[in-house]
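Subject: Structure handover

Hello,

Here is the structure I promised you. Please open it next to this email and follow along.

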Amino acid sequence: MLASTARHQFARTWGSEGFGVGNRHAEVHDAGHETMDRAAWQNAISRDWRVLKVAPSRHRSDIGLATEALKQTGMALEHFPPDAKEDRGLVLRAVQQCGGSLRYASPDLQQDREVVMQAVTQNGMALQFAGSDLREDPTVVKAAIQQNGMALSFCTHKIRSDKRFVLPAVSQCGMAVRFATTDLKEDKEVVRAAMRQNVLSLQLIPGHIRDDTNLILEAITIKGNAMQFASQRLRADRDFVLRAVERNVWALGSAALTLRSDREFIHECMKRNNMALEFAIPEIREDESFLLEAVQRDSSRLLCNYLRGLRNDWRSDSPLAGAQGRPEICWQGNYQLRSSSSLPTIGELKSPGSTFRSQQQYNSTSPSLAFLKSRQGEVQQRPNSLASHGRMVGFN
């Protein structure tokens, strides 16, 4: 009954939705909760640590009750009385469980090296609550950025200009390169470390660095849409884009519009990967004469079946059938021809052992999903292009 009274008082103070809802600073005037004994408060706190907020000061100062709240979360330190926040043992226990609770420790303990080390080891972002001197301590900073590279944002300019700290930070979280000094953003080793962890970090790199051919090709190998961060010169360079398509056909999607509007260039790209057609402008992608020209240039079963899948055209006399005529496909990435009667099921495609489980693997050696589904009668209509939906089809 007494425990219910405490929980009722908690709800009245915090709101029915729990933590942070309602007036957090409302005074407690319910005389009922004042009559609760220690055992009742302990029972209530063991169910929900936030009840500690409305407990009388004599109970909030009780080390035993405080410890009960800490069993659930270190953030309970927020509701400890000032003298308890100076208790090194309690604060150590809190930051070991939740590094962010360092913000509620006393100023003296925020300057305590051991306490801060425990906090940043659990959560690197707790570095922001450490004393100014400790934010320059190499050991503390190293522990923080190894746990979370974004902790670099709370370091001093001296630390953010030191490659010994920036390199491990961006290796842990590529986006942390945002907080490196300008000269380190131009350092190729730092840029590559950030890029390998997160290709999106390229957008934070100075423009002249993103004009480096080898750097961008390496990024495209990791993720095709990294082409969007390349310089305008590279995205309009025919030779460079062709090299990029060889590595990852998705790169063509971010190439210059002038290239994606060039019929001859699209043909060249399709020699490297048939899927390049997906990134041509609609006028090319949906042009029957262009598709027929592509078949005349390359009448392989793979290309013919791919184009027929895009058009949902499986007529035996289809002009897209090419010289082969038979709906056979390349499967399992080994160029083994299989007849339509032995095509894999969609379930096989999605099975753990399937070769084709990602968009990166959906390349010139894989069958069109439209083809597979149409052969099983699973689809009635097929849009002219996967790219007309603004995305590719993956198997995950």
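Helices (H or I, at least four residues) and strands (E, at least two) are DSSP runs, numbered from the N terminus. Leu-52 sits in the loop between H3 and helix H4 (57–60).

A note on the source. This is a predicted model, in which local features need pLDDT of at least 70 and side-chain atom pairs count only at pLDDT 80 or more, while totals for chains, interfaces and linings use all residues. Residues are numbered from 1 along each chain as its sequence is written, and side-chain values use heavy atoms, with hydrogens and water left out.

The whole chain

The chain has 23 helices and two strands. Of its 396 residues, 49% count as buried. Buried means under 20% relative accessible area, exposed means over 50%, and partly exposed lies in between (1.4 Å probe, protein chains only). Contact means heavy atoms within 4.5 Å. Take the contacts between residues at least 6 apart in sequence: 50% of them join residues at least 24 apart.

Next, the core. A nonpolar core is a set of buried Ala, Val, Leu, Ile, Met, Phe, Trp, Tyr and Cys residues joined through side-chain atoms within 4.5 Å. The largest one has 104 residues. Phe-80, Leu-202, Val-241, Leu-252, Met-270 and Leu-307 have the most contacts inside it. What does Leu-307 contact, leaving aside its neighbours within four places in sequence? Its partners are Met-270, Leu-277, Leu-291, Ala-294, Val-295 and Leu-320.

Leu-52 and Trp-41 are eleven residues apart in sequence, and their C-alpha atoms are 8.4 Å apart.

Ser-46 lies in helix H3 (residues 38–47). Ser-46 counts as partly exposed, at 33% relative accessibility. Leu-65 is 19 residues away from Ser-46 in sequence and 8.7 Å away in space, C-alpha to C-alpha. Setting aside neighbours within four places, Ser-46 is in contact with Glu-68 and Gln-72.

Glu-114 is in helix H8 (residues 113–122). With a relative accessible area of 41%, Glu-114 is partly exposed. Glu-114 touches Arg-88 and Leu-92, not counting residues up to four places away in sequence. Leu-92 is 22 residues from Glu-114 along the chain, and 8.4 Å separates their C-alpha atoms.

Helix pairs

Two packed helices are described by the angle between their axes and the distance between the axes. Axes are lines fitted to C-alpha atoms, for helices over the stretch in contact, and angles run from 0 to 180 degrees between N-to-C directions. Angles under 35 degrees count as roughly parallel, over 145 as roughly antiparallel, 65 to 115 as roughly perpendicular and the rest as oblique. For residue classes, Ala, Val, Leu, Ile, Met, Phe, Trp, Tyr, Cys and Pro count as nonpolar, Asp, Glu, Lys and Arg as charged, and the others, Gly among them, as polar.

Start with helix H5 (residues 63–70) and helix H6 (residues 88–97). Their axes come within 10 Å and cross at roughly 10 degrees. H5 and H6 are therefore roughly parallel. Ile-63, Thr-67 and Leu-70 in H5 meet Leu-90, Arg-93, Ala-94 and Gln-97 in H6. That contact has four nonpolar, two polar and one charged residues.

Now helix H9 (residues 138–147) and helix H11 (residues 163–172). Their axes come within 8 Å and cross at roughly 20 degrees. So H9 and H11 are roughly parallel to each other. H9 passes H11 in a left-handed crossing. (A crossing is left-handed if the near helix is turned anticlockwise from the far one by less than a right angle, and right-handed if clockwise.) From H9, Pro-138, Val-141, Lys-142, Ile-145, Gln-146 and Gln-147 meet Phe-165, Pro-168, Ala-169 and Gln-172 of H11. The classes here are six nonpolar, three polar and one charged.

Ala-144 also lies in H9. Is Ala-144 buried or exposed? Ala-144 counts as buried, at 0% relative accessibility. Beyond its neighbours within four places in sequence, Ala-144 is in contact with Val-120, Gly-124, Leu-127 and Ala-151.

Last, helix H16 (residues 238–247) and helix H18 (residues 263–272). They pack at an angle of about 30 degrees, with axes 9 Å apart. H16 and H18 are therefore roughly parallel. Their crossing is right-handed.

Best wishes
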